[in-house]
Amino acid sequence: FYSLKVLGFILGGNLTSILAEKIRKELGLAYSVYSFNYPLVNGGFFVIGMQTENSFREKAVSTTINILKKLKKYGVPN
């Protein structure tokens, strides 16, 4: 629970998060980017979302997936 809560903050918890920096600021693909853990009694789910134009949708999603792959491989950057 706590690890996913921290991951949610690191990925999309504020304007200096990993996703906000890359997708919103650097590439300009979304108006907002967010992530959070939604815990339930028998599990739960992790949410990543963004508000983007339909024409940017595919690039924004593929960029998010690439960021997650790098995070899995290299860990959280300093």
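## Largest pocket

In this predicted model, the largest pocket holds about 270 Å³ of space. Two elements, α2 (18-26) and α3, each give two or more residues to its lining. The biggest share comes from α3, with six residues.

The lining counts 13 residues. Nearest the pocket centre lie I18, N66, I67, K70 and P77. By class, the lining splits into six nonpolar, three polar and four charged residues.

## Aromatic pairs

The count of aromatic pairs is two. One joins Y34 and F36, with 6.3 Å centre to centre and 15° between the planes. This pair is stacked, because its planes are under 30 degrees apart. Y34 has a relative accessible area of 37%, and F36 has 34%. Both values lie between the 20% and 50% cut-offs, so Y34 and F36 are partly exposed.

Y38 and F45 form the other pair, also stacked. Their ring centres are 5.0 Å apart, and the angle between the planes is 25°. Y38 is partly exposed, at 41% relative accessible area. F45 is partly exposed too, at 43%.

## Confidence

The mean pLDDT of the chain is 89. A score of at least 70 is reached by 100% of the residues. Confidence is highest in helix α3 (residues 57-74), with a mean of 94. That helix is also the one that gives the most to the pocket lining. Confidence is lowest in helix α1 (residues 2-12), at a mean of 82.

Technical notes. Residues numbered from 1 in each chain as written. Predicted model: local features only at pLDDT ≥ 70, side-chain atom pairs only at ≥ 80, totals over all residues. Heavy atoms only, no water. pLDDT = per-residue confidence, 0-100. Helix = DSSP H or I, 4+ residues; strand = E, 2+ residues; numbered from the N terminus. 1 Å grid on protein atoms, 1.4 Å probe; cavity = no way out; pocket = protein on both sides within 12 Å on 5 of 7 lines; lining within 4 Å. Points joined across faces, edges and corners; volume = space filled by probe spheres on them. Nonpolar A, V, L, I, M, F, W, Y, C, P; charged D, E, K, R; others polar. Phe/Tyr/Trp six-rings, centres within 6.5 Å; stacked < 30°, edge-to-face > 60°. Buried < 20%, exposed > 50% of the residue type's maximum accessible area, 1.4 Å probe, protein only.
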